[in-house]
Amino acid sequence: AAARPGRRAAARAAADVDSIASVASAAAPALVAAEAALGKCGFGALLASTGLAWGKAAFGGDTADGERRAPSASAVDLGVAGAANAFLAGLLVVRWVDSGHFPLSNLYESLIFLSWSITSVQLYLTSKVSKSVVPGAVAAPAALLALAGATLLLPPELQRAGALVPALKSNWLIMHVTVMMFSYGTLMVGSLMGGAFLVLDQPDESAVGKVREAVKAKIPALATVGAAGNGAMDVEEAAADAGEGDAELRAVVAELSAASPAAAAEIAAIEGGGSAASLTLAETVDDIAYRSLGLGFVLLTVGIISGAVWANEAWGSYWSWDPKETWALITWLTYAGYMHTRLTAGWSKRDVNAVAASGFFVTWVTYIGVNLFGLGLHSYGFLK
């Protein structure tokens with residue numbers, strides 16, 4: 001008789017488990033359908049965001065002093081980008097509910113998270129930093145390609161949710177991997193901006209410059225781009241922008257322009273107001289690249305430190321020269337070099353942005369290239 005209450009409790013617990021399992025089984029098709037719908041909506045919103053940004057970049061722009069500036073972003077641009085971000089966030093939440101764990105356990109979930117992080121960076125840069133469509137013209141297609149790679153290129157077996165490996169069953173998963181993915185997204189956007197600056201800043205006699213000159217008449221936004229070379233600007237114009245009647249400041253600007261044209265241009269832009277509307281297209285791209293890479297560098301640093309702490313808990317060592325760890329360090333050194341050359345070494349903007357552009361490939365190797373070979377402690381969850 002004494003055993004009967006225990007048997008009844010066990011029977012009730014078993015019934016509850018069966019009930020939960022039946023509810024989960026019934027909800028699974030709905031979750032799969034919701035995931036597919038959100039993925040398609042996100043793809044459409046990103047496609048629309050890309051079209052809007054490219055259309056404005058090609059045929060729009062604000063004219064000031066006879067020069068065409070970067071086109072301003074409208075509420076529609078921000079709304080479409082925000083919708084894409086919301087669809088991707090909803091997709092991640094549905095995936096989380098469906099799988100029962102944080103959605104960063106395989107390549108499919110990782111690419112979706114990367115796409116969402118890129119759109120988040122786009123919204124931040126557009127609304128808080130640039131106020132132009134330049135971030136969207138670069139970030140939206142990057143997010144679109146990441147989402148397309150996850151939903152269209154990966155085979156179904158790599159898109160299915162699976163159980164977490166033991167090493168990932170930790171609270172550090174959310175903190176470390178989330179920060180690392182946001183750093184990848186931010187660094188990729190900044191590196192693409194650096195590459196865009198190199199294209200815009202090519203001299204007229206170069207192959208890229210000749211192509212650019214050929215399409216200037218058809219693409220007004222490129223009208224600001226001339227044979228700027230390494231970003232030099234006219235000394236008298238810089239002095240005038242620095243403030244009329246201030247002879248001392250004009251002399252400083254003139255001296256700086258001889259030693260570092262890029263620095264003179266920055267000072268003139270700041271004294272002229274420093275807003276996005278006062279910058280040419282190339283200057284806007286360079287400014288966005290710097291701000292994005294600065295934020296991404298901080299996130300990468302935090303991610304590496306948190307990863308070392310997690311590695312010590314999981315494997316008993318802070319650093320083991322695993323291929324993923326090694327390439328993360330290479331990535332950190334690459335962007336540390338960018339910061340050094342920009343802030344203290346006095347390199348020209350073209351050379352600095354060449355370092356930034358090279359970081360794009362290094363970041364991709366760190367993010368996914370190492371996993372293609374299935375080597376090291378970080379090989380799980382992607383292509384294996």
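The model is predicted, so to speak of it with care: local features need pLDDT of at least 70, side-chain atom pairs count only at pLDDT 80 or more, and totals for chains, interfaces and linings use all residues. Residues are numbered from 1 along each chain as its sequence is written, and side-chain values use heavy atoms, with hydrogens and water left out.

Rolling a probe the size of a water molecule over the atoms shows where empty space is left. On a 1 Å grid over the protein atoms alone, a cavity is a set of points where a 1.4 Å probe fits but cannot get out, and lining residues have an atom within 4 Å of a point. Grid points are joined across faces, edges and corners, and a volume is the space filled by probe spheres set on the points. The count is 2 cavities of 30 Å³ or more.

The second largest cavity has a volume of about 100 Å³. Its lining comprises 13 residues, and S49, A53, D77, Q122 and G136 lie nearest the centre. Helices α1 (3-59), α2 (75-99) and α3 (107-130) each supply at least two lining residues; helices here are DSSP runs (H or I, at least four residues), numbered from the N terminus.

D77 also takes part in a salt bridge with K56, the closest N and O atoms being 2.9 Å apart. K56 lies in helix α1 and D77 in helix α2, so this pair ties together parts that are 21 residues apart in sequence. A salt bridge is a side-chain nitrogen of Lys or Arg within 4 Å of a carboxyl oxygen of Asp or Glu, and the structure holds 6 of them.

I turn now to the aromatic rings. Rings of Phe, Tyr and Trp (its six-membered ring) pair if their centres lie within 6.5 Å; planes under 30 degrees apart count as stacked, over 60 as edge-to-face and the rest as tilted. There are 11 aromatic pairs. One of them, W116 with F182, is edge-to-face, at 5.4 Å centre to centre and 65 degrees between the planes. Because W116 lies in helix α3 and F182 in helix α6 (residues 172-200), the pair ties together parts that are 66 residues apart in sequence. Ring pairs link W96, F102, F113, W116 and F182 into a cluster.

Finally, the loops. K131, in the loop between α3 and α4 (134-153), has a positive phi of about 60 degrees although it is not a glycine.

Definitions and conventions:
1 Å grid on protein atoms, 1.4 Å probe; cavity = no way out; pocket = protein on both sides within 12 Å on 5 of 7 lines; lining within 4 Å.
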